[in-house]
Amino acid sequence: SFRLLPWTLLRARSAPGSCTVARASNCRRFGTPGMMGRERTAFRQLLRLSRAADREPMRSVALLGRPPRRYDPRQGRPMAVKYGGSPFVEDAVFEACGGSTEFPQPRPRLAARAVRRHFDRARTMGFPYLQEAASLARRFEAARNLVGEVGTPGLSLPDVLPGCEVPVTLQSFRPTENSQLACGDFLLTHPLSCLFESVFDQAVVLLDRVDAAQIDGVVLNKPLDVTLGVMLERWPNERDKEWAAALGPGALLESRLYRGGPIIEGRSLGESLRWLHVHGEGLAGAREVAPGLFLGGELGAVATRAAEDTSGVRFFLGFAGWTRLQLRIELECGVWVRARVKADAAPTGASASGGVQAMCLGAAERGPAWRMAMRSAGMSDMARFPRAPGVDRRLRGYMERMRQEADTEDTSESCLSGDTSKFAAPAQASEPRAGRTSVVGASRRGQKQ
């Protein structure tokens with residue numbers, strides 16, 4: 001990965017007897033011998049931009065990086081992407097983005113630190129700093145200008161949004177953190193990463209299966225305009241009506257149906273449905289996927305236990321699925337914020353299981369549930385990022401422009417094997433992209449949908 005290139009070369013230049021590194025680290029930046037006045041001015045301007053981004057991290061949410069690899073679900077392997085731009089600029093954006101390679105997860109004081117390190121690297125390696133600074137400044141300014149255009153609604157949002165009270169505290173993980181994925185983890189979509197994929201845009205995904213080969217989950221906050229009963233009437237398979245009558249779901253037929261993801265297994269509704277509920281204690285076939293929250297189990301028994309209150313049951317049509325490598329690449333790209341419930345995460349007087357149930361079965365609509373989850377994970381700036389139909393059109397246009405700008409510098413793409421340190425046969429140059437190239441869950445969608 002070219003992410004390590006600058007420091008690798010820096011170590012090579014700092015052989016015994018060389019004072020290059022010492023000069024870069026020990027001299028004051030504005031007093032470095034030989035620094036041109038224009039370079040000093042460019043550095044100061046860039047530092048001002050980065051400090052402004054640190055003061056208002058929401059302005060960094062649109063600072064897009066150019067990832068060194070993407071996942072190709074059709075071939076089932078990653079694609080290495082080489083850009084014609086400077087690796088030093090990409091390193092700086094990577095650091096300012098909180099360690100994600102494409103979609104930023106901004107944290108305090110990262111942007112200014114990244115700009116200083118970029119200055120040190122470029123000067124130490126002898127690259128023309130004016131070109132470096134101009135390229136990096138354009139990226140900061142594009143992100144700032146976007147939020148300036150659409151940001152008034154988001155910047156004026158109150159700290160606690162209506163319907164978005166935080167029921168439980170989540171621990172968020174950095175994009176490249178190597179902690180193991182676990183059943184019960186949440187994936188929260190970055191505000192910009194899935195603008196072109198409606199099922200995953202502003203999604204809250206609960207992982208319900210994590211094994212050596214596959215990772216599955218359900219999207220919790222995408223309600224459909226039909227109930228379970230209406231879907232049974234519309235479903236063409238007559239056996240589903242017989243299946244429902246035999247199980248006797250009763251009042252559950254009036255439950256609202258949710259879109260759990262793009263993957264649908266089988267042709268019958270019974271095979272395509274998943275149900276998440278709080279009535280799984282001692283229930284045959286039910287799996288506990290989070291504290292106090294169960295998936296599956298004998299539906300007739302669930303209906304009996306939920307006869308008086310159906311709010312503890314939610315039905316999903318379809319699910320989402322990834323290979324381990326695919327999800328790992330999407331996490332390092334910042335497509336998702338990964339979060340997990342802490343044992344002591346619930347507010348005073350509440351239990352962790354009660355908080356998880358409120359998170360998964362509470363706010364039904366897409367926006368409020370997503371903002372609540374983002375706030376729970378400590379990502380308030382992302383939760384407050386402006387999203388509305390008119391705003392979304394501008395955001396999509398911004399994404400298109402950034403993709404086209406990257407494609408003009410795109411020199412080649414090469415296939416990577418599972419060992420991503422070695423190149424396989426070179427691939428064709430990429431076509432202009434509309435939205436993300438790596439489609440979430442697509443590796444299994446074509447087989448099962």
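Mentor: Take helix α4, which passes helix α5 in a right-handed crossing. A crossing is right-handed if the near helix is turned clockwise from the far one by less than a right angle, and left-handed if anticlockwise. Helices are DSSP runs of H or I with at least four residues, numbered from the N terminus. This is a predicted model, in which local features need pLDDT of at least 70, side-chain atom pairs count only at pLDDT 80 or more, and totals for chains, interfaces and linings use all residues. Residues are numbered from 1 along each chain as its sequence is written, and side-chain values use heavy atoms, with hydrogens and water left out.

Trainee: Which residues of α4 and α5 make the contact?

Mentor: Contact means heavy atoms within 4.5 Å. From α4 come F88, V89, D91, A92, E95 and A96, and from α5 L110, A111, A114, R117, H118, R121, A122 and M125.

Trainee: At roughly what angle do the axes of α4 and α5 cross?

Mentor: Axes are lines fitted to C-alpha atoms, for helices over the stretch in contact, and angles run from 0 to 180 degrees between N-to-C directions. Here the axes of α4 (residues 87-96) and α5 (residues 110-125) cross at roughly 160 degrees and come within 8 Å. The two helices are therefore roughly antiparallel, a term for angles over 145 degrees.

Trainee: Is L63 buried or exposed?

Mentor: Buried means under 20% relative accessible area, and exposed over 50% (1.4 Å probe, protein chains only). L63 is buried, at 1%, and lies in the loop between α3 (37-55) and β1 (69-72). Its contacts include V93, A96 and C97.

Note on methods. Angles under 35 degrees count as roughly parallel, over 145 as roughly antiparallel, 65 to 115 as roughly perpendicular and the rest as oblique. Lists of a residue's contacts leave out its neighbours within four places in sequence.
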